[in-house]
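Subject: Structure for your review

Dear colleague,

Please find the structure below, together with a summary of what was found in it.

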Amino acid sequence: ALLRLQDEYVKLAELLLAEGQQNLFSRWAPQGQHDDEKQQFFTQISKLDSNYPGGLACYIQNARELLQASKEGKNPLDGWSPSVPSEGFQPEVGGEAYFDYEELGLQEVGGCCFVIPAGGLGERLGFSGVKFA
């Protein structure tokens, strides 16, 4: 059976072509070959389109703007200074509040994203403090 694209996938393909992303399709196998991979591609593209604010078109535009700024030597973080908060709340380890917050954290951790920075001294960011502890 030949792959028949869902209407949603046809619209996404048209969007990608309109945004100059023909390269994504330039080496596709002929119709009827590697259809599972094509289906996986559109499933992923559909998810990206629905999860990125403004969809794929906005993602592509933002990427172009950031790449152009980088080409021109512009830093999108200029004028921004990271800092360690000077105020905050630090419950006593082992205390009731500590365990209450730990429980709350465990309930929320499934919706979190963690980024582990790799190397670097922070010169580009202008920040010499600890980045990961």
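In this predicted model, the backbone oxygen of A29 is placed 2.9 Å from a polar atom of the K38 side chain. K38 belongs to helix 2, which covers residues 35–51. With a relative accessible area of 9%, K38 falls under the 20% limit and is therefore buried.

K38 also takes part in a salt bridge with D35, in which the closest N and O atoms are 3.6 Å apart. Because D35 and K38 are 3 residues apart in helix 2, about one helical turn separates them. Both D35 and K38 are buried.

In the whole structure, 3 salt bridges are found. Another of them joins R64 to E19, with 3.2 Å between the closest N and O atoms. This pair connects distant parts of the chain, 45 residues apart: R64 lies in helix 3 (residues 55–71), and E19 in the loop between helix 1 (7–18) and helix 2. R64 is partly exposed, at 37% relative accessibility.

K74 and E72 likewise form a salt bridge through their side chains, at 3.0 Å from N to O. K74 has a relative accessibility of 52% and so counts as exposed, whereas E72, at 44%, counts as partly exposed.

Yours sincerely

Technical notes:
Residues numbered from 1 in each chain as written. Predicted model: local features only at pLDDT ≥ 70, side-chain atom pairs only at ≥ 80, totals over all residues. Heavy atoms only, no water. Helix = DSSP H or I, 4+ residues; strand = E, 2+ residues; numbered from the N terminus. Buried < 20%, exposed > 50% of the residue type's maximum accessible area, 1.4 Å probe, protein only. Polar contact = N/O pair within 3.5 Å; in protein donor to acceptor, adjacent residues only side chain to side chain. Salt bridge = Lys/Arg side-chain N within 4 Å of Asp/Glu carboxyl O.
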